[in-house]
Every structure is written in structure tokens, then in C-alpha cells.
Amino acid sequence: MNGAKSLVKTLLAAGVDTCFANPGTSEMHFVAALDQVPGMKCVLGLQENVVTGMADGYFRIARKPACTLLHCGPGLANGMGNLHNARRARSGIVNIVGDQATYHRPFDAPLTADTTGMARTVSQWVRTSMRSEDLGRDAAEAIAAAQVFPGQIATLILPADTSWNEGGVVGAAASVPTPPAIDGNAIENAARTLRQHGKDTLILLAGHAVLGEAQKLVWRVARATGAAVMADYVTAHVSRGRGRLQLERVPYVMEAAIKALERFRHIILVNAKGPVGFFGYPGMPSEQYAPDAQLHVLSRPDQDPVQALAGLAKALNAPEAEIPDPGPRPGIATGAPTPEGLAQTLAALMPDHAIVSDESVSFGRGFYKFTHAAPPNDWLHLAGGAIGDGLPVATGAAIGAGKQRRVISLQADGSAMYSLQSLWTQAREQLPCTTIILNNSKYNILIGEYKNVGATPGATAMSMLDLGNPGISWVGLANAMGVEGARATTLEQCADLMKSSFGRAGPFLIELMI
């Protein structure tokens, strides 16, 4: 058995049964092994940043890692933007990155690169497997590293001769460490703070703390103490809709975030860190909370928030409390597209247990308020700030859900151009994806950032933020990728197209002119 076959068999034995790939020459023996060893679902992406973004979205819904297949250092480099996002989202991914044969590397061939150095910037675990005999073991350890709670990026670099040489051995499953236990002192400190300062305290949630079970527990604590609850702005995955908390996120805009947090003297962090701005702005602090606020860590990102919140609820003798009903489901909005109207229409029409991949950027910052009364859904956010993850994450999420749930992309037009090849994969795999392109023909977020940093844009600067010369036809692009689409200029038209798309088996794109 060659190394490549031992690698595929090791992956399958550990439950890694999906491979998002954009292969090249050095990976051909691994590609052949995928053919020869049954059981691996292979999904082709036309660009590596699509491949890594799909693996991120897959993990967020399937809650198990997939592997990626990337071609040498430049292929890894192409996928690094969405690996950065996946690392910030704490998604588990096993990257298989091809490399020059070990004996060929000293000759400095054109594709030779510092693959290890690049991998370390976006991975918690990196190894180059130098011998076929060791590849199965190395793969098993990579899989275990990716499964460390709540999820990690593991990158296994695979020289071509390690793949093709004989002597491969299937790796025995490596042990995955359990999350560190919650400190009893942290629970007691949080309980004491809430008893004494409940109404002046914010419980800030991130990671798994914004999913279903943790939400029920934090609501008990909040009801018993009068504390407020919010989610971190860059939370990757939020359980939303009926039966879930009507959470709001810390605002993106610095002034709004500072105002939202200024009243709190204590902030209890549940898998979160103290909120800071995306950027430094002239004359403004980096931290968004009040200078005299005290931060209390209940649980770190690598700890189980359910255990932490259960311990806190017990320490406070917090009684069971039913999550409030958000009221009636809204009706369809009418007229010209607005953020509020689109959010209301989405809440009115989305199917039960839909998945929303939200890269609406500036247009969608207020969507939460108008979508609390939607059916139960999972809402996925850009966690690392590197735009271009919305469409790949949606594509991977649809595969992670086994094509059984509708995935709705709320997608800004500028960032969609970074990874539009995702549409091709959606068509190829016939995925139940509805993409709503928010077309304003500009990088609107950067226009706002000009003001935030105190710069004064002129004609040259504004032309660099304009996507309307020439105009981009998203319906045309979708059709070229094999996806049907239509343009909407009113919310009524958008609603009709949404309803129609939700009944389809495959993908559909709506170009909403805003």
C-alpha cells in the first residue's frame, strides 16, 4: 500500500469522509487513492479560497472536520484568507497540502515555497510527513488536532514521494484531549458579581455559548439576576429564531459599540474576550467597553460553555425560565429595498431550520432586530474579517447539512467577487442554496471607513471603491456558472423569487438592486 492510500484509509477510519479539493500535479497519487478507496465524498472548488471556505462552512454545520486538498505553497496561499476566517471561527479542518518530492526540493523548482511558514500563520498544528511509513500516523494526529474543542486548523504537508512510495500503514486513531475543566473559582466569582451588580453586568457570549443549550442556561441566569446578555460581533454561528434568545451583537461601528457598552461596570466573558474595534481610529480607544469596567472570565474559548453556565445557574439557584416568545411572524415588506424590509421579508418566508450565511457587510448590520420571529435557523457570520467567505461557507454548510436544509446567502456584491466560483460548485453539486446579492455597485463599507479614520476621499479614491464602471451583471455571472438567476428591484419581486427558489432542489441567485 502506498502512502496516499494509507492517508485516505486513515481519514475515513477517523470519520473524515468529505474532501474539498483543488488538486495539482504533486497530489495526483492522493487523487488516485481517492478513486481507489471508496467512501470519500470529493467536492471540487475552482479556487483554493473557495475550497477552504467550504471546509469552514461544513464544520460549522456538520460539527466534524473535512479535509482540503491544496496544491503546494501557492495553493495554500490562495486559500489563506478563508483559513484565517476559519481559524477565527474556531472551525476544525484538516488541510492536505501537496509539496515537492523530498529529493526534488533542494533543486528549488518553480513551485517550491516556504509552505511550512505559510501554514503556521493560519494553523494550530503543522507537520510535514517525510516517509510513507509515517503518513498514516501523522494523518491520525492531524485529525485529532483538528478535533480539539471547539475546533482547530491542522495542516499536513505531503511531499509527492511520500504519497507514491510503498510502505504506507493506516494510522491508529489518536486521542483527542477533553476541554479543560471550568474553574470553580471562576463560577463563584461570576455568581458573586451577578448577586451584587446584576443590573450593571453584561454577560457576553461567543463560540458555542451562542448555541441552543447554552442560550437556555444563560437566560436562566439573566432572569434571576437582571443581567443583560449580548453576543460578540464576530461570533461565527448563532442559533436564532423561535425558541432561541433574541440576542443582539455588539455593534461593529466604534461609536455605537461604545454607547451600547458604556453602562456596564462588569462584563462576564463566556468563551469571549473583551470587545475591541476592528481597527484603530484616530482619537478613539481600542477597547469598546468603559475604562472602569471589570472583565470576569467564566470560560475561555477552549472550554465548554454549557458546563460553565450550568455551574453558574446552580450557584445562583436560578430557576428554570422559558425563553420569551418573539411575537407573530412578520409579513412580507413592500416597496424599495431597505435593510429592515429585506430582513422582515426573510423572516416572513424562510423555511424552518434554514441556514443563513451572512456576508451582507454594511447593509445587514441591523438584520437581527427584524428576524427574531423567524422559524428556528442557524445564522453564520464572517468571523475573521477577511471578506469573501459568505458564498463558500454557504456551499460547505449545504453539504454539511446533507442537502437537507435550505441555505440562504445574504451577500454583498463586492465581497462576492472574491469567491464567486462557489456558484459553480453549487450548480455541480445541485445544492439547495439561495443567494441574494445585495448590489449597490460599490465597496460601501470602505466609504464608511474613510470617514471613521478621518481621511478625505477625492475622485481617485472614490473611483477605487466604485464597481459600476463597467457594471457587473450577477445574473449573467450566475448563468455562466450554471446557476439560474433573476434581478429584483423591489421587495415584492424579491419575495416572489425567494418563495420560488425555496421550492427548488438546486441553487438560485437573486440580484437585488439596493
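Student: At roughly what angle do the axes of helix α3 (residues 48-62) and helix α5 (residues 80-89) cross?

Tutor: Helices are DSSP runs of H or I with at least four residues, strands are DSSP runs of E with at least two, and both are numbered from the N terminus. An axis is a line fitted to C-alpha atoms, for helices over the stretch in contact, and the angle between N-to-C directions runs from 0 to 180 degrees. The axes of α3 and α5 come within 7 Å, and they cross at roughly 20°.

Student: What kind of model is this?

Tutor: Residues are numbered from 1 along each chain as its sequence is written, and side-chain values use heavy atoms, with hydrogens and water left out. Local features need pLDDT of at least 70, side-chain atom pairs count only at pLDDT 80 or more, and totals for chains, interfaces and linings use all residues, while the model itself is predicted.

Student: How many residues of each class make up the contact of α3 with α5?

Tutor: A contact means heavy atoms within 4.5 Å. From α3, the residues N49, T52, G53, D56 and R60 meet M80, G81, N82, L83, N85, A86 and A89 of α5. When Ala, Val, Leu, Ile, Met, Phe, Trp, Tyr, Cys and Pro count as nonpolar, Asp, Glu, Lys and Arg as charged, and the others, Gly among them, as polar, the residues of this contact divide into four nonpolar, six polar and two charged.

Student: Is T52 buried or exposed?

Tutor: A residue is buried under 20% relative accessible area, exposed over 50%, and partly exposed in between, using a 1.4 Å probe and protein chains only. T52, which is found in α3, touches T68, L70, G79, N82, L83 and I93, leaving aside residues up to four places away in sequence. Because its relative accessible area is 0%, T52 is buried.

Student: Which residue of strand β17 (residues 508-513) is the bridge partner of T434?

Tutor: T434 points one way from strand β15 together with I436 and L438, while C433, T435, I437 and N439 point the other way, and all are buried. Two strands pair if DSSP finds at least two bridges between them, and β15 pairs with β17 in the parallel sense over six bridges. In β17, the partner of T434 is F508.

Student: Which residue stands opposite I437 of β15?

Tutor: Strand β14 (residues 407-412) also pairs with β15 in the parallel sense over six bridges. The residue opposite I437 is Q411.

Student: What is the relative accessible area of S415?

Tutor: S415 lies in helix α15 (residues 413-416) and touches E359, V361, I387 and G388, again not counting residues up to four places away in sequence. S415 is buried, with a relative accessible area of 3%.
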